[in-house]
Amino acid sequence: MKRREFIAAATAAAVPGLGWAQDAYPSKPVRLIVPFPPGGPTDMMGRAAAKALGGQLGQSFVVENRAGAGGNIGTDAVAKAAPDGYLIALAAISSLAIGPHMYSKFPFSAEKDLAPISLVGTTPCAIVANPNAPFSDLKGLIAYAKANPGKLSYATSGVGTSNHLAAEQLQSVAGIQLTHVPYKGSSQIVPDLISGVVPMSMESSLVTTLQHVKAGKLKAIAVTSAQRAPAWPDVPTVAESGYPGFAVESWFGLVAPAATPAAVIQRLHGAWAAGAATAEARSSFDTIPANLRVTTPTEFAAFIHAENQRWGELIRKLGIKAD
């Protein structure tokens, strides 16, 4: 009997993930890092994901905000963490597909140091303007920009953010030249946009500007997603405004340290897939507002690779550097 027990233990140790599969994971609270400040849409998404995971696995998922460097600090902490499944992150496009191509020394490799679990949510960028801006739709914006090259400025929440690159891609396909005015966050942009300090912005947080658009303090020009945003059903997409195929979205997904056992990754993925199917999760994402997403770990890995190829090419072409 003892010999059989010894052989079973040795087999579990020799086969990666087998011992984990036999354990009752998670047996203690799991920390979920949101690499952005509390209160914003990414934080809301992270808390919704934590609640969904905890509800499925019967264990607490505690959100820990570690903001800084566009999400890189918190994501790097997970890339270097013990691969035991008890520290994961809701990482963003900024850290997984944009930052690696903008910094000469990036602290981790999204494709080598992290294990994808699932895509969680996407949000479109929105072109929003001051009510007195000399255009009310994308066609008018493009015409004004062509007549006044470099004179039309736009605000974003920072260099290298998804909304910055969305604006750069728009300039490329439309053949226009805009002037970028980077801010440190959406909360600082809105007052200047309303007052006319900047005439327009490429905004990645619809919830920040939606109330002001409804109140007539701002006007929505277009959204950058392939389909219209459910929260803004009357606002056309860039694609349907004359640029077919144009699609840029911010995206966020669950990741763990690269060497995390496959059994743990699959357990976390299964919990998210089940949790995302609940009415509570759907309601939470509608409130953000964001599009709720579920992919397999393999699909998410392929998505991260494709996004690195896409944005890496654009960043090199434009020579954008963050350091």
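Let's start with a term: a helix here is a DSSP run of H or I, at least four residues long. With that in hand, look at H7.

One caution before we go on. This is a predicted model.

Now the whole chain. It has 12 helices and 11 strands. The radius of gyration is 21 Å, close to the 20 Å that the globule rule gives for 323 residues, so the chain is as compact as a globular protein of that length. Along its principal axes, the C-alpha trace spans about 85 × 40 × 30 Å.

What share of the 323 residues is buried? Buried residues make up 51%. The accessible surface comes to about 14200 Å². Carbon and sulfur atoms account for 55% of that surface.

Contacts next. Take those between residues at least 6 apart in sequence. Of these, 76% join residues at least 24 apart.

Back to H7. This helix covers residues 162–174, so count 13 residues. From first C-alpha to last it reaches 18 Å, close to the 18 Å expected at 1.5 Å a residue. How many of the 13 residues of H7 are buried? The number is 11, so H7 is largely enclosed by the rest of the structure. Among the buried ones are Ser162, Asn163, His164, Glu168 and Gln171.

Next, H10. It runs over residues 262–276, which is 15 residues. End to end it reaches 21 Å, close to the 21 Å expected. Which residues are buried in H10? They are Val264, Ile265, Leu268, His269, Ala271, Trp272, Gly275 and Ala276. These cover an arc of only 160° around the axis, which puts them on the same side of H10.

Now H12, residues 297–318. At 1.5 Å a residue, its 22 residues should span 32 Å, and its end C-alpha atoms are 31 Å apart, which agrees. The buried residues here are Pro297, Phe300, Ile304, Glu307, Asn308, Trp311, Gly312, Leu314 and Ile315. Why do we say they line one face of the helix? Seen down the axis of H12, they fall within an arc of 165°, so they line one face.

What do the buried residues of H12 pack against? They pack against H5, S4, H7, strand S10 and H10. After H12 comes Gly319, with a positive phi near 70°.

Stay with H12 for one more moment, and bring in His101. This residue is in the loop between helix H5 and strand S4. Its side chain makes a polar contact of 2.9 Å with the side chain of Asn308. Asn308 is one of the buried residues of H12. Leaving out residues up to four places away in sequence, His101 touches Asn308, Gly312, Ile315, Arg316, Ile320 and Lys321.

A few single residues now. Asp76 is in helix H4, residues 72–79. Is Asp76 buried or exposed? Its relative accessibility is 16%, and buried means under 20%, so Asp76 counts as buried. Not counting residues up to four places away in sequence, Asp76 touches Pro107 and Phe108.

Gly150 sits in the loop between helix H6 and strand S6. It is partly exposed, at 23% relative accessible area. Where does it meet the rest of the chain? Setting aside neighbours within four places in sequence, Gly150 is in contact with Gln177 and Thr179. Gly150 and Gln177 are 27 residues apart in sequence. In space, their C-alpha atoms are 5.0 Å apart.

Ser284 belongs to helix H11, residues 279–287. It is partly exposed too, with a relative accessible area of 27%. Compare its position with Ala126, 158 residues away along the chain: the two C-alpha atoms are separated by 21 Å.

Last topic, cis peptide bonds. One goes from Tyr25 to Pro26, with omega near -5°. Pro26 lies in the loop between helix H2 and strand S1. Another joins Ile288 and Pro289, where omega is about -10°. Pro289 is in the loop between H11 and strand S11. That's my tour.

How values were computed. Residues numbered from 1 in each chain as written. Predicted model: local features only at pLDDT ≥ 70, side-chain atom pairs only at ≥ 80, totals over all residues. Heavy atoms only, no water. Helix = DSSP H or I, 4+ residues; strand = E, 2+ residues; numbered from the N terminus. Expected span 1.5 Å × (residues − 1). Buried < 20%, exposed > 50% of the residue type's maximum accessible area, 1.4 Å probe, protein only. Arc of directions from axis to C-beta. Rg over C-alpha atoms; globule rule 2.2 N^0.38 Å. Contact = heavy atoms within 4.5 Å. Areas by Shrake-Rupley, 256 points an atom, 1.4 Å probe, with all protein chains shown as cover. Polar contact = N/O pair within 3.5 Å; in protein donor to acceptor, adjacent residues only side chain to side chain.
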